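Dear colleague,

I am passing on the structure below, together with some notes on what turned up in it. Please read the notes with the coordinates open beside you.

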Amino acid sequence: MLALAAAVPVPASAQQPPWPNRVVRIIATSPPGGSIDFLARTIADDFGKTFGQPFIVENRPGANGNIGVDLVVKASADGHMLFVTAPGPFSINLNLYDSMPFNPGADVAPIALLAVAPLVLVVHPSVPANNVKELVAFLRARQGGVNYASQAVGATGHLAMELFKSLARVEATNVPYRGSAALATVDLVTGRVAMGFINTSTALAQVRNGKLRAIAVAEKHRIAVAPDIPTLDESGFPGFEATPWLGLGARAGTPSEIVNRLNEGATRALTRPDVVGRMTIIGIEPRPLTANQFTMFVRAETVKWGEIIRRSGARAE
């Protein structure tokens, strides 16, 4: 009887130690500071308390998020290395780069949509435009002799402007700032560049002190923190929406039980009143989805941004 009992195989799941069983690394695909870093550290703190192991954040910026995500997809699919990033590695870079170090559709497991960060179309006060119609007239009169700021080639602000240009049938030249929102804002405020789609919190601070003028928001609905700013949708561009979002992911093949636990934990963390308050200050808002809903969302965003990139001809090196 003892020999027979010893021969009974142990299920693979029973052989695995419970997750997490050691430190979990969360790769933030941006430098310290800003929305990605804030969200990564917020959920790391909450996850540590919820799951009983340390969650530490490492900043690995570069290549519109590809560098950090590539590190994760080359690690074990056991839930001990995660990433927080903007849309690039999920749904933009595949259509933007001639070659990718990983396949987003095959190598990445979307876990949770964490938040959205609405963009505001702003102009320097020297631009004679107070609304979208006047801005379009100004751009057409200049025949391409206007520069606009973006955080980087392929960043959502860049692609939002390319979408706007295509729909408005106007020209303007991109001045990318290699991921630095601060540098882009400095040149907007000084008038070195005429306009740009920038983060809500940064935009509104400069609008309120008179250094920039808000033209429209790139959401389908007006935003709560600035209800007086019209949307592009209601300014003659029906359906216009170009909203940066921030998501949590892991390597494909991560067990669904872990993915679902992380999704539930992230949703719980980012809907706490104190966290929502801090998110509002930096211009982002929670937009929770289940893991399956987020996967479908990523697929739809890949199609959407792929069309915009092909139409604009944007490429990244």
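**Salt bridges**

Asp-274 is partly exposed, with a relative accessible area of 42%, where buried means under 20% relative accessible area, exposed over 50% and partly exposed in between, with a 1.4 Å probe and protein chains only. Before going further, please note that this is a predicted model, in which local features need pLDDT of at least 70 and side-chain atom pairs count only at pLDDT 80 or more, whereas totals for chains, interfaces and linings use all residues. Residues are numbered from 1 along each chain as its sequence is written, and side-chain values use heavy atoms, with hydrogens and water left out.

Asp-274 forms a salt bridge (a side-chain nitrogen of Lys or Arg within 4 Å of a carboxyl oxygen of Asp or Glu) with Arg-272, the closest N and O atoms being 3.2 Å apart, and Arg-272 is itself partly exposed at 28% relative accessibility. The structure holds 15 salt bridges. Another of these joins Asp-98 to Arg-315, with 2.8 Å between the closest N and O atoms. Asp-98 lies in the loop between helix H5 (87-96) and helix H6 (104-107), and Arg-315 in the segment after helix H13 (291-312), so this pair ties together parts that are 217 residues apart in sequence; helices here are DSSP runs of H or I with at least four residues, strands are runs of E with at least two, and both are numbered from the N terminus. Asp-98 counts as exposed at 70% relative accessibility, while Arg-315, at 41%, counts as partly exposed.

Within helix H13, Arg-310 and Glu-307 lie three residues apart, about one turn of the helix, and their side chains meet in a salt bridge at 3.7 Å, N to O. Arg-310 is exposed, with a relative accessible area of 55%, and Glu-307 is partly exposed at 35%.

**Aromatic pairs**

The structure holds 13 aromatic pairs, a pair being two rings of Phe, Tyr or Trp (its six-membered ring) with centres within 6.5 Å, where planes under 30 degrees apart count as stacked, over 60 as edge-to-face and the rest as tilted. The rings of Phe-90 and Trp-245 have their centres 5.6 Å apart and their planes at 40°, so the pair is tilted. Because Phe-90 lies in helix H5 and Trp-245 in strand S10 (residues 245-251), the pair ties together parts that are 155 residues apart in sequence. Phe-90 is buried at 5% relative accessibility, as is Trp-245 at 1%.

Phe-90 also pairs with Phe-294, the ring centres being 5.4 Å apart and the planes at 70°, so this pair is edge-to-face. It links distant parts of the chain, with Phe-90 in helix H5 and Phe-294 in helix H13, 204 residues apart. Phe-294 is buried, with a relative accessible area of 0%. Phe-83, Phe-90, Trp-245, Phe-294 and Phe-297 form one aromatic cluster.

**The chain as a whole**

There are 13 helices and eleven strands in the chain. Along its principal axes, the C-alpha trace spans about 90 × 40 × 30 Å, and of the 317 residues, 50% count as buried.

With kind regards
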